[in-house]
There are 4 protein chains.
Amino acid sequence: MTLNIGVIGCGMIGRDHTRRLQQVLAGAQVVALSDVNQANAEGVQKDFAPNARIYATGEELIAAPEVHAVLVTSWGATHEPYVLAAIAAGKPVFCEKPLATTAEGARRIVEAEVQFGKRLVQVGFMRRYDAGYLALKEAVDKHTGAPILVHAAHRNPAVPEAYTTPMAIHDTMIHEIDVFRWLLNDDYVSARVLYPRNAARSHTKLRDPQVVVLETAKGVLIDVEIFVNCHYGYDIQCEVVGEDGVASLPEPMTVDMRLGAKRQSTILTDWKDRFVASYDVELNDFIGAATAGGATGPSSWDGYAAAVTADACVAAQSTSGEAVAIALPVRPALYA
Amino acid sequence: MTLNIGVIGCGMIGRDHTRRLQQVLAGAQVVALSDVNQANAEGVQKDFAPNARIYATGEELIAAPEVHAVLVTSWGATHEPYVLAAIAAGKPVFCEKPLATTAEGARRIVEAEVQFGKRLVQVGFMRRYDAGYLALKEAVDKHTGAPILVHAAHRNPAVPEAYTTPMAIHDTMIHEIDVFRWLLNDDYVSARVLYPRNAARSHTKLRDPQVVVLETAKGVLIDVEIFVNCHYGYDIQCEVVGEDGVASLPEPMTVDMRLGAKRQSTILTDWKDRFVASYDVELNDFIGAATAGGATGPSSWDGYAAAVTADACVAAQSTSGEAVAIALPVRPALYA
Amino acid sequence: MTLNIGVIGCGMIGRDHTRRLQQVLAGAQVVALSDVNQANAEGVQKDFAPNARIYATGEELIAAPEVHAVLVTSWGATHEPYVLAAIAAGKPVFCEKPLATTAEGARRIVEAEVQFGKRLVQVGFMRRYDAGYLALKEAVDKHTGAPILVHAAHRNPAVPEAYTTPMAIHDTMIHEIDVFRWLLNDDYVSARVLYPRNAARSHTKLRDPQVVVLETAKGVLIDVEIFVNCHYGYDIQCEVVGEDGVASLPEPMTVDMRLGAKRQSTILTDWKDRFVASYDVELNDFIGAATAGGATGPSSWDGYAAAVTADACVAAQSTSGEAVAIALPVRPALYA
Amino acid sequence: MTLNIGVIGCGMIGRDHTRRLQQVLAGAQVVALSDVNQANAEGVQKDFAPNARIYATGEELIAAPEVHAVLVTSWGATHEPYVLAAIAAGKPVFCEKPLATTAEGARRIVEAEVQFGKRLVQVGFMRRYDAGYLALKEAVDKHTGAPILVHAAHRNPAVPEAYTTPMAIHDTMIHEIDVFRWLLNDDYVSARVLYPRNAARSHTKLRDPQVVVLETAKGVLIDVEIFVNCHYGYDIQCEVVGEDGVASLPEPMTVDMRLGAKRQSTILTDWKDRFVASYDVELNDFIGAATAGGATGPSSWDGYAAAVTADACVAAQSTSGEAVAIALPVRPALYA
């Protein structure tokens, strides 16, 4: 049985997911495309999905009877209405991050899904599908004892001038926010932001680097260095300190070379290469669950929790290192 | 367009490839199955390919009009006739190693394919598709300068008593034989085998470990430790020494842990886990080329060259460290 | 010319330094010993320095004309008076940490030395002499660009019940406090302490682990994990993030082993083994400078700065993560 | 008690050992110097040993009553007569490699020492004192099980045109020859040399690289890559494969850096830096044993065994990969 998928938003990521569904993964086909700029949809149709039908609007695509499941890869501000429409139509929907541009928006999706009574939404937090994080989680669950501390870094070579201080949370650290909740099976209770001096390569509207400190309900203290103009590469580090020992996120596979009086290996510079394999795995997971009529993986609730946490981090950015409380309502049974 | 594949041989590897084609990879479906023991075919049909038809013989399956391409995953001795039948039928065929049980058999396949005038055969030398070897090849091609030496090891925790000295070549080192021809873009001219004392865990009919030394047409000297009772794990090592530097095969991804006064990471023990990702990639390559009516990747000629080299290594096992010459006929233009 | 040294305090460290001066290093001999418990002095005399004379008090030893230079390795509370006496006598003095048990005491030593007009005191901060930290400093000075962040950890397998929360600063983190001032060539302006939940192996009077955050005058933000019941080993980590890249403190030399499905190497468990080679180097430095009539290396001022910083860290331990200011008087020209 | 040492040969190594004895190590002083070119002796006297007396000949220095022990650091061809003279005088003697320029010469020293009835000679095979090899030996003795294979490499960035094929054995591999006898506690029974094509940077009188294969009495097979124009650095590799696992020689301590899209660390380029710390340790060992009137560490017998083995390797260089037998006479009880 083949899952018929409609893709809303045919920019870079929508195009790449369509290629993935058509050329890489078993079990699904893209039967419908839509984009606010129809030329984008036509381009994707031509290159990857000649049999797909193009719809004028996302709403029409969602309503189309041949569409079994929906991918929302459009502009962030449109995610909420499309996801709500898919839930209303009872169709599984994979939504790229952010689930909504506000915590309230994400909350509305949670409520709609709870009312529907069944999980339909998967959020595109792909790190949970990365082989490295999965191996780290296994090491933490089996070997290090209960976690006490997490030391992490999210480094990116450079950002443009338009990238501002809050974007370090909403666009960059959002991945750590989600993946550590999953890794630790825990929730956040407070956030704090500390600043060193600004890096010379930073910009006028950007404090860079920053150290975000999160505290969890179980008492784990997490420090995350966010450094988006680190210059040398795209580098993701994570070390978990537990009762019995320490485990670290694996480095990407590299060839060790000995050249010119240096032992050396390559560091990635483009974020798109770092977790590229996990996109295949997350969509494969979506195909499996959607074919069975539901959803699995990162949920609406996870998207909502990430949004609430991000808001607290941004609030903390404007204090002098003070802790900002993070409180979530009771978790609905659907997400137990 | 979906490629219709028939699978001959429904044992462990045929079953796994069918799963891969049905559940993991895009672009193909298994429409026909055959096994000398029909219950095996029925089991695979039930678990992974309910719509596939079961044929009494591999020959009938090859002849079936709905079958576009063939996978030969049956018992080694049957590979040659099935591959020859597929060539005769003009159908692309993926054949697990060995291509044939003798060099002469592999030669007959080369001749049949040359006569047909177009590549149809891909041999299942999956290491060429491993991300680690691909990265190593890139490092050698771009950074180390022309290769001069290769140091390698193929270690396996244990083998049963039935495993004899020549099997160390035909079943184990055969992978190094193929992958180094590809890595170096070179051919072998001689083989030599040197023995240390036998390992305590070896058996009466097995010299273990052995060091096989190959020399190439370009003058590269390759030493390969084959140690199939090394006890500690399944471990594949390869270091290339070139004019300007050295590059090493990456280790499999692991979590670095600090526990009980030890810094440690896991070493695999089951060979099936070591190159598991490359099976997906090699079959994806087959699907692409077969859909276009041909074949790519490791060729009949590569299978033949591996068989000739393996025979020389086995001959060298019975000498006192003397070099045994390896000579191939002129390479047909089809494989240039 | 041989430097005649008198050693005050013949416990574990005094005994070890005497062995070092008598049996390992060139250029010095121990001619005088003293200990509050004379049997200790006699034991050291018998084992390592048969020609040394035993003095009833440290003051007498300092005054003895054959003593050119003094090692103070007695109980911490006695350091200040002995160092002051050595300065009064115009004799070079090596003092183990702490220079004094209070910042005020260290200040009095600074003032006495400034009044004397010449450096006579070297404090036993041995990490500055460790080959790993020296290599890290060179990497930071030459390659990483100006430092922005430091991530560090000081982990110890276990401490007894008598070890309390402030001791994590005075006895453990004191080494980081000194070595980072030297590594960064900078001074601290504030300290902050953050706590995760207590580790299960911690004690009633000990918050463990803790994360101490220091801010420097140049704007570097330093986070130091202090975990004295980490169980798995004695492990010192330090990573410096600069404008252009990152450099890490080398791990101690270890043999990489592959055994029992694990790649592994040994982690030290006894702190005395971690910087053992640097004791030779620091005393060699002392011999050289003292032979020339003065002192080099970690100064009284460094000891005073460490004491002031430690007091601020301890004050910060009793707040809820608030920053405590660190202010030093103007640095005397003697320590420029 | 201070050991009075006379140094014969005041070139680079004699000068450095004099500095070591005068400025670094406890327990010895240089009281006599000699050099075929007296200006060399005067230079060393002036820089490091102002109280040393200069002798016109090595023989006179050996005979001088104030000289307790002798260092022979003169031109290789003079080692044998000086060592024989020291033995005749009953004085402990440290002799830099080679002990003699021929196996017969080394044999004469062995016989003289046996006749004297007590060990007096230490040969300057410093690798036995290197912390890395010591740690490797401990790992092999305790963890890997009995050795079966050794894979090694001795790489040097470049050699001048005057360096010929046999020098790869006598000047370069001589260190591996000695250190593996010690590491394995074994003797060699055969040698074989295999050549790849010549490296582009090699010279007309030099086959480079070469792979030397040694077989031991206990059946261990050792392969050593000797590559003296490897260009990228001075790099010493050694991996021991035992019944239960594998252990590797530690890399020199380095700072791991992340810079310019590369993870990197420095590789040494000057052989003098690689084992620099072991010179201190070997001389410290000599001082201890010589003060007690004897010698320890690498013996005359070890020097003789190395010379016999080196001759066999050079003989093997002229064959087509054939094994050349290595036979030693019965080991005298003095060297048990």
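A residue counts as buried when its relative accessible area is under 20%. By that criterion, both Arg128(A) and Asp178(A) are buried in this predicted model. Their side chains meet in a salt bridge, with 2.8 Å from N to O. The pair links distant parts of the chain, 50 residues apart: Arg128(A) sits in the loop between strand S6 and helix H6 of chain A, and Asp178(A) in helix H7.

Glu80(C) in helix H4 and Arg108(C) in helix H5 are 28 residues apart, and the closest N and O atoms of their salt bridge are 2.7 Å apart. Glu80(C) is buried because its relative accessible area is 15%, whereas Arg108(C), at 41%, counts as partly exposed. In the other pair, Arg181(C) forms a salt bridge with Asp302(C) at 2.9 Å. Arg181(C) lies in helix H7 and Asp302(C) in helix H10 of chain C, so the pair ties together parts that are 121 residues apart in sequence. Arg181(C) is buried at 5% relative accessibility, and Asp302(C) is buried at 8%.

Turning to the interface of chains A and C, 36 residues of chain A are in contact with 36 residues of chain C. The two chains bury about 2700 Å² between them, 55% of it on carbon and sulfur atoms. Six salt bridges are found across this interface, and one salt bridge joins Arg201(A) to Asp244(C) at 2.9 Å. Elements giving two or more residues to the chain A side include strands S7, S8 and S9; S7(A) gives the most, with five residues. The residues of that side divide into 18 nonpolar, eight polar and ten charged.

Terms used:
Residues are numbered from 1 along each chain as its sequence is written. Chains are lettered from A and ligands numbered from 1 in the order in which they are written. This is a predicted model: local features need pLDDT of at least 70, side-chain atom pairs count only at pLDDT 80 or more; totals for chains, interfaces and linings use all residues. Side-chain values use heavy atoms; hydrogens and water are left out. Contact means heavy atoms within 4.5 Å. Buried area is the accessible area (1.4 Å probe) that two parts lose on being put together, summed over both. A salt bridge is a side-chain nitrogen of Lys or Arg within 4 Å of a carboxyl oxygen of Asp or Glu. Helices (H or I, at least four residues) and strands (E, at least two) are DSSP runs, numbered from the N terminus. Ala, Val, Leu, Ile, Met, Phe, Trp, Tyr, Cys and Pro count as nonpolar, Asp, Glu, Lys and Arg as charged, and the others, Gly among them, as polar. Buried means under 20% relative accessible area, exposed over 50%, partly exposed in between (1.4 Å probe, protein chains only).
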